[in-house]
Amino acid sequence: MLDVNILFNAQRRDAEHHKECLGVVEDLVNGDEAYAVSDFVISGFMRIVTNPRMPQSTSLDAALGFAAVIRNQPHAVVVHAGSRHWEIFTKLCRQSGATGKLVPDAYLAALAIEHGCEFVTCDKDFAKFQGLRWRRPLN
């Protein structure tokens with residue numbers, strides 16, 4: 001399951017980690033193995049890249065097109081919070097002391113744990129969540 005920052009970096013050619021993140025996205029999209037997609041992540045990506053305050057913001061159509069490529073592959077599995085999510089989420093929040101911007105990270109970590117996914121992100125904060133399998137694609 002990919003984080004917002006992976007999608008952002010993959011889509012934006014001017015992003016610092018464009019090459020690494022684009023490679024991760026292309027491997028998933030063009031591969032044969034199933035991968036998880038979160039609409040929470042997709043909407044976060046859309047919120048950031050279409051923000052008119054961002055230098056060279058992405059058009060809505062371009063952002064929707066990129067999101068569709070990620071989300072609509074035959075081997076993409078859209079995951080949602082299930083019956084165990086709240087329990088996992090609150091446990092991660094308490095264990096990590098999550099407040100502020102770490103709260104949505106705990107939400108995504110709980111989603112990945114609940115569905116048995118490896119979480120791919122550029123954000124080192126995900127190391128704070130016990131039980132989360134995660135990796136950073138950066139050198």
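Which residue in E2 does Ala36 stand opposite? That would be Val77. This is a predicted model, where local features need pLDDT of at least 70 and side-chain atom pairs count only at pLDDT 80 or more, while totals for chains, interfaces and linings use all residues. Residues are numbered from 1 along each chain as its sequence is written, and side-chain values use heavy atoms, with hydrogens and water left out.

- E1 and E2 run parallel and are joined by four bridges; two strands pair if DSSP finds at least two bridges between them.
- Helices (H or I, at least four residues) and strands (E, at least two) are DSSP runs, numbered from the N terminus.
- In strand E1 (residues 35-38), Tyr35 and Val37 point one way, Ala36 and Ser38 point the other way, and all are buried.
- Buried means under 20% relative accessible area, exposed is over 50%, and partly exposed is in between (1.4 Å probe, protein chains only).
- His75 sits in the loop between helix H4 (60-71) and strand E2 (76-79), and at 15% relative accessibility it counts as buried.
- The His75 side chain reaches the backbone oxygen of Val29 at 3.3 Å.
- Setting aside neighbours within four places in sequence, His75 is in contact (heavy atoms within 4.5 Å) with residues including Val29, Asp32 and Tyr35.

**Salt bridges**

- Side chains of opposite charge can pair when their charged atoms come close.
- There are five salt bridges in the structure, each being a side-chain nitrogen of Lys or Arg within 4 Å of a carboxyl oxygen of Asp or Glu.
- Arg71 pairs with Asp39 in a salt bridge, with the closest N and O atoms 2.6 Å apart.
- Because Arg71 lies in helix H4 and Asp39 in helix H3 (residues 39-49), this pair ties together parts that are 32 residues apart in sequence.
- Both ends are partly exposed: Arg71 at 30% relative accessibility and Asp39 at 28%.
- Arg12 and Asp14 meet through their side chains in a salt bridge (2.9 Å, N to O), and Arg12 is buried at 6% relative accessibility.
- Lys101 forms a salt bridge with Asp125, with the closest N and O atoms 2.9 Å apart.
- Salt bridges that share partners join Lys101, Asp125 and Lys128 into one network.
- Lys101 is exposed, with a relative accessible area of 59%.

**Core and aromatic pairs**

- The largest nonpolar core has 44 residues, and among those with the most contacts inside it are Val25, Phe45 and Ile70.
- H6 gives the largest share of this core, seven residues.
- A nonpolar core is a set of buried Ala, Val, Leu, Ile, Met, Phe, Trp, Tyr and Cys residues joined through side-chain atoms within 4.5 Å.
- The structure holds six aromatic pairs.
- Phe45 and Phe66 make a tilted pair, because their ring centres are 5.3 Å apart and their planes are at 40 degrees.
- Rings of Phe, Tyr and Trp (its six-membered ring) pair if their centres lie within 6.5 Å, with planes under 30 degrees apart counting as stacked, over 60 as edge-to-face and the rest as tilted.
- Both Phe45 and Phe66 are buried.
- Phe89 and Tyr107 form an edge-to-face pair, 6.2 Å centre to centre with 70 degrees between the planes.
- Phe89 is buried, with a relative accessible area of 9%, whereas Tyr107 is partly exposed at 25% relative accessibility.
- Ring pairs link Phe40, Trp86, Phe89 and Tyr107 into a cluster.

Key. A polar contact is a pair of N or O atoms within 3.5 Å; within protein, one must be able to donate a hydrogen and the other to accept it, and residues adjacent in sequence count only if both atoms are side-chain atoms.
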